[in-house]
Amino acid sequence: MKFLLVFDFDCTVIDENSDTWIVKCAPEEKLPNKLRNSYQKGHWTEYMSRVFRYLGDSGVREDEMKRTMTTIPFTTGMRDLLDFIGKNKDFFDCIIISDSNTVFIDWILKAANFHEVLDEVFTNPATFSGAGYLTVQNFHTHHCAKCPRNLCKRKVLEEFVDKKLQQGVKYTKIIYVGDGGNDLCPVISLKKDDIAMPRQGYTLEKIISQMSEDLDPVQSSVLVWSSGIEILSHLKLLIKE
């Protein structure tokens with residue numbers, strides 16, 4: 001019996017958006033209007049590239065960014081939840097699929113000592129250039145009309161599950177924990193034995209709720225959460241079964 005836990009990162013594992021938190025490093029903790037207004041829907045990674053360039057031009061360096069990012073708060077109960085998963089790896093594989101970037105997630109997980117709980121982290125690759133600027137690339141290319149051009153989380157999830165199947169691992173259930181509109185595509189792909197866990201009051205929960213009202217519900221069970229403790233309680237029940 002093996003369960004796959006899939007987590008979004010921003011506003012799910014952590015209680016903020018890491019890409020907007022980094023603005024605390026900017027002069028006066030804000031971005032120029034022209035830069036802020038340059039975002040185009042579906043092109044977040046390109047927008048963040050411009051933000052990182054601005055931070056670099058403003059003299060913000062790696063150590064300051066790291067200091068700022070590691071002060072980001074975890075969502076209530078998430079530390080307990082990740083501790084529990086870490087102690088029960090016989091039952092759980094655990095991955096993150098996020099539209100953040102490798103540098104931010106790595107810093108935050110390592111500072112909290114949770115990096116070993118995760119089997120894999122799928123997110124936009126980032127690195128510091130020789131000049132000390134943070135650069136970020138799109139995670140992959142895909143043909144999904146529902147998702148931003150840099151990341152289709154359903155494609156990532158399906159490829160991971162297929163890879164594990166080839167290694168002889170078939171998951172009893174997939175449990176998907178997220179909050180945002182870009183978590184809908186993978187949630188729609190879940191089967192009836194799986195569990196979608198949208199965060200209460202956030203976009204994903206509102207969309208799933210609207211789909212049920214429109215008589216077009218998702219196939220999986222839906223469990224709404226507001227604290228990691230609620231997710232933890234459910235995982236305890238699952239491994240008792």
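Predicted model: local features only at pLDDT ≥ 70, side-chain atom pairs only at ≥ 80, totals over all residues.
1. On the α5 side the contact involves Met 78, Asp 80, Leu 81, Phe 84 and Ile 85. On the α10 side it involves Gly 228, Ile 229, Ile 231, Leu 232, Leu 235, Lys 236 and Ile 239. By type, the residues of this contact are nine nonpolar, one polar and two charged.

2. A second pair to look at is helix α4 (residues 62-69) with helix α6 (residues 102-111), whose axes come within 9 Å and cross at roughly 55°. That angle makes α4 oblique to α6. The crossing of α4 and α6 is right-handed.

3. Glu 62, Met 65, Lys 66 and Met 69 of α4 make the contact with Phe 104, Trp 107 and Ile 108 of α6. Five residues of this contact are nonpolar, none is polar and two are charged.

4. An unreviewed UniProt entry lists Asp 8, Asp 10 and Asp 179 under "binding site". These residues span 172 residues in sequence, yet no two of their C-alpha atoms are more than 8.4 Å apart, so they gather at one spot. The lining of the largest pocket includes Asp 8, Asp 10 and Asp 179.

5. Where is Asp 10 in the chain? Asp 10 sits in the loop between β1 (3-7) and α1 (18-21).

Note on methods. Residues numbered from 1 in each chain as written. Heavy atoms only, no water. Axes fitted to C-alpha atoms, helices over the stretch in contact; angles between N-to-C directions. Helix = DSSP H or I, 4+ residues; strand = E, 2+ residues; numbered from the N terminus. Parallel < 35°, antiparallel > 145°, perpendicular 65-115°, else oblique. Left-handed = near helix turned anticlockwise from the far one by under 90°. Contact = heavy atoms within 4.5 Å. Nonpolar A, V, L, I, M, F, W, Y, C, P; charged D, E, K, R; others polar. UniProt positions renumbered as here; feature names shortened; annotations may be inferred. 1 Å grid on protein atoms, 1.4 Å probe; cavity = no way out; pocket = protein on both sides within 12 Å on 5 of 7 lines; lining within 4 Å.
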